[in-house]
Amino acid sequence: MSSLLLHLGQDSKATPSISAFHLKTTVYGGRGLFATERIPNNTLLVTCESPYATVIFKKFRKEVCGHCFAYAFESHRNTWSIKIDGQEGNGVWFCTVECRDAWAAGQNVEGLQGLMNASVDKLAKSMKQPKGPSRTTSLIETMRVEDITVDTHDLAWKHAEEMYARPGYPTDFLDELELDTVRFLVSAIVKRYFEEKKSPDAGSSSWTALLQLQNNEILHIRSKPHMLDSHIRIYGFLRKVMHPVLLPYVKTCEMVRAILARDTGNVFGIWDMSTKGDSEMLGWSMYVSGSYFNHDCSPNVVKKRVQKSLCFITTRDVEIGEELCISYVDVEDRVAVRRDELSRNWYFDCICKRCHEELGIANG
Ligand SMILES: C[S@@+](CC[C@H](N)C(=O)[O-])C[C@H]1O[C@@H](n2cnc3c(N)ncnc32)[C@H](O)[C@@H]1O
């Protein structure tokens with residue numbers, strides 16, 4: 001049970017009892033959550049109370065509450081107007097004073113999140129978009145996929161560390177998504193700093209839990225080799241903007257790599273709550289304990305966002321031994337579309353019962 005709690009992390013509350021399901025190795029590889037008792041329909045399995053790391057896309061910052069993710073549009077407003085004064089409140093807007101104060105107490109420790117937002121915006125403003133393609137710092141893009149190994153990849157990062165350790169290295173231009181990735185990484189670094197400061201001997205148990213998530217680094221770079229250069233540029237940018245107390249976390253690339261390796265395949269989009277089917281993605285979050293649900297095209301669990309919490313609820317009765325799965329894609333899509341999306345973004349070929357049936361493959 002203690003190891004399941006470690007896997008589930010500090011962000012979770014499991015109901016009705018944590019023994020109703022457990023984490024074990026699946027037949028198709030990796031781990032998954034399986035029912036250890038019969039679980040009725042509409043059971044709340046777990047609530048992930050708040051994300052380990054999060055970012056609201058810059059273009060939605062004034063429209064989405066930085067604490068509870070309420071979307072102004074849903075309250076018939078264009079933007080939120082409550083802020084924390086000065087640099088320490090930079091880049092975050094709130095729907096209520098209560099949300100502002102809760103955020104300040106929980107996430108803006110020593111004003112670091114706001115100060116970092118200000119530094120990121122300032123450096124981003126000073127950057128000029130290059131006329132040609134961005135500078136390539138690694139050779140991986142020119143390699144054959146089979147030559148992209150842990151070793152070649154480690155070498156590219158070692159080279160990046162050496163390059164950025166030289167005084168006065170130039171910062172490369174980052175696009176909007178890369179800058180949002182910087183902000184996402186900053187939120188994780190601030191969280192780890194705060195937790196380690198609170199209990200210097202014990203360290204951060206939620207960071208330890210995060211490290212247990214599936215590491216998709218090599219699969220990601222093999223499928224999108226240009227992302228390694230992007231990640232390296234992001235790391236260089238972070239080293240330039242980092243507040244002195246946070247610098248130890250980026251002196252080597254270890255922490256940034258660890259988060260990026262788990263960002264892909266494990267994070268959840270923050271969607272607006274529109275019921276009209278035109279829901280918009282407002283940012284993304286990493287909820288450690290929610291990342292153990294595997295995918296099925298006929299899922300028995302649905303995830304629901306309630307403010308900044310993610311709740312996982314059964315959608316039918318689940319028998320003992322059955323795996324508890326959500327769907328990562330739109331279950332209304334055709335089989336080819338679903339499988340293509342799963343392969344591109346989660347790096348696996350779906351072999352669920354529904355895919356087999358729709359593809360006309362005999363089971364067994
Ligand atoms: C969010 S994680 C789920 C937990 C993961 N299995 C683990 O061991 O940590 C997503 C990853 O799990 C694997 N996965 C999820 N659903 C799967 C399925 N239906 N078939 C094969 N692999 C699956 C894929 O590797 C995917 O990238």
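## Ground rules and confidence

Residue numbers start at 1 along each chain, following the sequence as written. Since this is a predicted model, local features need pLDDT of at least 70 and side-chain atom pairs count only at pLDDT 80 or more, while totals for chains, interfaces and linings use all residues.

The pLDDT (the predictor's confidence in each residue, from 0 to 100) averages 90 over the protein chain, and 91% of the residues score at least 70. Where pLDDT is low, the predicted coordinates should not be read in detail. For the model as a whole, the scores are ipTM 0.99 and pTM 0.93.

## Two domains

The chain splits into domain 1 (2-49 + 287-359) and domain 2 (53-266), with bounds that come from an automatic or database domain assignment. Their C-alpha centres lie 27 Å apart. Domain 1 puts 13 residues into the contact and domain 2 puts in 15.

On the domain 1 side, helix H1 (2-8) and helix H10 (335-346) each supply at least two of the touching residues. Helices (H or I, at least four residues) and strands (E, at least two) are DSSP runs, numbered from the N terminus. By class, that side has 4 nonpolar, 6 polar and 3 charged residues. The classes work like this: Ala, Val, Leu, Ile, Met, Phe, Trp, Tyr, Cys and Pro count as nonpolar, Asp, Glu, Lys and Arg as charged, and the others, Gly among them, as polar.

## Around the ligand

Where does the ligand lie relative to domain 1 and domain 2? Both domains give residues to the shell around the ligand, so it lies between them. The shell has 18 residues, and Gly 30, Arg 31, Gln 214, Asn 294 and His 295 come nearest; a residue is near if its C-beta atom, placed from the backbone, lies within 6 Å.

Strand S3 (31-35), helix H9 (254-266) and strand S8 (294-295) each give two or more residues to this shell. By class, the shell holds 8 nonpolar, 8 polar and 2 charged residues.

## Strands and pairing

S3 and S8 also turn up in an open sheet of 4 strands, ordered S2-S3-S11-S8 with mixed pairing. Strands pair if DSSP finds at least two bridges between them. Strand S2 (21-25) and S8 each have a single partner strand, so one side of each is left without a neighbour in the sheet. S8 runs parallel to strand S11 (residues 323-326), joined by 2 bridges: Asn 294 partners Cys 325 and His 295 partners Ile 326. S3 and S11 run antiparallel, again with 2 bridges, and Leu 33 stands opposite Leu 324.

Elsewhere, strand S5 (residues 53-56) pairs with strand S7 (residues 281-286) in the antiparallel sense over 4 bridges, with Val 55 bridged to Trp 284. Ala 53 and Val 55 point one way from S5, Thr 54 and Ile 56 the other, and all are buried.

## A loop residue: Arg 316

Arg 316 sits in the loop between strand S10 (309-314) and S11. With 13 other C-beta atoms within 10 Å, Arg 316 is partly exposed; buried means 20 or more such atoms, exposed 12 or fewer, and partly exposed in between, with C-beta atoms placed from the backbone.

Leaving out residues up to four places away in sequence, Arg 316 touches Asn 41 and Asn 300. Arg 316 and Asn 300 are 16 residues apart in sequence but 5.9 Å apart in space, C-alpha to C-alpha.

Definitions and conventions: Two residues are in contact if their C-beta atoms, placed from the backbone, lie within 7 Å.
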